[in-house]
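This report describes one structure for a reader who has not seen it before. The sequence and the model are shown first, and the sections below go through selected places.

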Amino acid sequence: MVQQDYIAENIKRVRAAIAEAAIGVGRSPGDISLVAASKTHPAASIRQAIAAGVDAVGENRVQELMEKNAQGAYNGSPLHFIGHLQSNKVGKIVGVCDLIESVGSKPLLELIGKKALSLGIVQNVLIEVNIGKESQKSGILPEQAEEILEFASRTAGINVMGLMAIPPINEQNAKCCYYYDTMFKLFIDIGEKKYDNVIMRILSMGMSDSYVEAIRSGSNMVRIGSAIFGTRY
Ligand SMILES: *Cc1c(COP(=O)(O)O)cnc(C)c1O
């Protein structure tokens, strides 16, 4: 039993840290969504995380998501896609995921919209921003935000709910806070403009090593893997 409880214990610890960070900057802990990033972890572990009360589960790879979904791993929880999305896999996750967090191009938005229309649904998405402007990362550049939201406003079948970012890794703390602050500013600035199909409500940023800093900068959705499930092998 002791062994099985570690996921619930970890979630309790993460929730406490989220609450402390939120309260510290005058925000309500309940405003921060906790997404369990479950790549490489089995269905049994994901069920434990759901039972312990995470707000959603996030997967990175379409194949892995489909396998675990077939095992009922996500039952009772919203499911997010948070990984790099290839256009030929779009059809497999539209309508299956409650939120696709990692939409980083117009062609992807368009494909998602088409698939959603064919299913008679509207797909909720976040726009991924490549805030560190790293060549190996997907996501739009910050200066493209208005252009893609304008495009989204003319694309049927999608509903943009906010922004997502994965800042450069191995940066000093001060540097990661700079990226988080820059994301928050972008989130607020474009939130003031009005586009059809767009409600700037979610700012998804912060992982195991930096979610406290992300929340202090204005994140309201954190994606936590190793601090919940332990190290990935
Ligand atoms: C794996 C992953 C996370 C969580 O990473 P940890 O450092 O294990 O918390 C968050 N977001 C994305 C997109 C991921 O791929």
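## The ligand and its surroundings

A nitrogen atom of the ligand has a polar side-chain atom of Arg223 at 2.9 Å. Polar contacts here are pairs of N or O atoms within 3.5 Å; within protein, one must be able to donate a hydrogen and the other to accept it, and residues adjacent in sequence count only if both atoms are side-chain atoms. An oxygen atom of the ligand lies 2.5 Å from a polar side-chain atom of Ser208. For Lys39, an N or O atom of the side chain is 2.8 Å from an oxygen atom of the ligand. On its own the ligand has 390 Å² of accessible area, and the protein covers 90% of that. Such areas come from the Shrake-Rupley method with a 1.4 Å probe, and for residues only the protein chains shown count as cover.

The residues around the ligand, meaning those with a heavy atom within 4 Å of it, include Ala37, Asn60, Ile82, Ile166 and Met207. Also among them are Ile224, Gly225, Ser226 and Arg232.

## Basis of the model

The model is predicted: local features need pLDDT of at least 70, side-chain atom pairs count only at pLDDT 80 or more, and totals for chains, interfaces and linings use all residues. Residues are numbered from 1 along each chain as its sequence is written, and side-chain values use heavy atoms, with hydrogens and water left out.

## Aromatic pairs

How many aromatic pairs does the structure hold? There are two. Rings of Phe, Tyr and Trp (its six-membered ring) pair if their centres lie within 6.5 Å; planes under 30 degrees apart count as stacked, over 60 as edge-to-face and the rest as tilted. Tyr178 and Tyr179 make an edge-to-face pair, with 5.4 Å from centre to centre and 65° between the planes. Tyr179 counts as buried because its relative accessibility is 10%; the cut-offs are under 20% relative accessible area for buried, over 50% for exposed, and partly exposed in between (1.4 Å probe, protein chains only).

The pair of Phe184 and Phe187 is tilted, at 6.4 Å centre to centre and 35° between the planes. These two residues are three apart in helix H7 (residues 173-191), so about one helical turn separates Phe184 from Phe187. Helices (H or I, at least four residues) and strands (E, at least two) are DSSP runs, numbered from the N terminus. Phe187 is buried, at a relative accessible area of 8%, whereas Phe184 is partly exposed at 32%. Not counting residues up to four places away in sequence, Phe184 touches Leu203, Ser217 and Gly218, where contact means heavy atoms within 4.5 Å. Phe184 and His80 are 104 residues apart along the chain, and 21 Å separates their C-alpha atoms.

## Helix H3

Which residues of helix H3 (residues 62-70) are buried? They are Val62, Glu64, Leu65 and Lys68. Seen down the axis of H3, these buried residues fall within an arc of 160°, so they line one face of the helix. The arc is that of the directions from the helix axis to the C-beta atoms.

The cover over the buried residues of H3 includes helix H2 (43-51) and helix H4 (90-93), as well as strand S2 (56-59) and strand S3 (79-81). Just after H3 comes Gly72, with a positive phi of about 75°.

## Loops with a positive phi

Most residues other than glycine have a negative phi. Thr40 is not a glycine, yet its phi is positive, at about 75°. Thr40 is placed in the loop between strand S1 (33-37) and H2, and at 46% relative accessibility it counts as partly exposed.

Asn197, also not a glycine, has a positive phi of about 65°. The loop that holds Asn197 runs between H7 and strand S7 (198-204). Asn197 counts as partly exposed, at 30% relative accessibility.

Is Asn10 buried or exposed? At 11% relative accessibility, Asn10 counts as buried. Asn10 belongs to helix H1 (residues 6-24), and leaving aside neighbours within four places in sequence, Asn10 is in contact with Ala227 and Ile228.

Asn88 sits in the loop between S3 and H4. With a relative accessible area of 60%, Asn88 is exposed. From Asn88 to Arg154 the C-alpha to C-alpha separation is 22 Å in space, and they are 66 residues apart in sequence.
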